[in-house]
Amino acid sequence: AINLTDTVTFITTTGTDAYTLADGTEGQIKIIIMKGDGGNATITPTNLVGYTAIRFNDVEDSVIFLYGSTGWNIIALQQATRID
């Protein structure tokens, strides 16, 4: 699970890795960046507005989320892929 305590989380994959992201608090920002690439990473928030998950494939893939009343909203996406 990706922590909610730190605003920024760097991930390093060691294969095909799966991460979860719990609901935050309204107005919370969460930034996730792939720092090391040993395989793909799928991030599945409990509530992601409009999608089910985000996939990272390469170093420097990143996402910026903002938590609202209905879940995590994607504010910015760099090279990562949205999954319906």
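W72 lies in strand 7, residues 71-78; strands are DSSP runs of E with at least two residues, numbered from the N terminus. The model is predicted: local features need pLDDT of at least 70, side-chain atom pairs count only at pLDDT 80 or more, and totals for chains, interfaces and linings use all residues. Residues are numbered from 1 along each chain as its sequence is written, and side-chain values use heavy atoms, with hydrogens and water left out.

Between W72 and T9, which are 63 residues apart along the chain, the C-alpha separation is 15 Å.

The side chain of T9 forms a polar contact of 2.5 Å with that of K30. Such a contact is a pair of N or O atoms within 3.5 Å; within protein, one must be able to donate a hydrogen and the other to accept it, and residues adjacent in sequence count only if both atoms are side-chain atoms. Beyond four places in sequence, T9 is in contact (heavy atoms within 4.5 Å) with I2, N3, K30, I31, I32 and I33.

I43, leaving aside residues up to four places away in sequence, touches I2, I11, Y19, I32, A53, I54 and F56.

Note on methods
Helix = DSSP H or I, 4+ residues; strand = E, 2+ residues; numbered from the N terminus.
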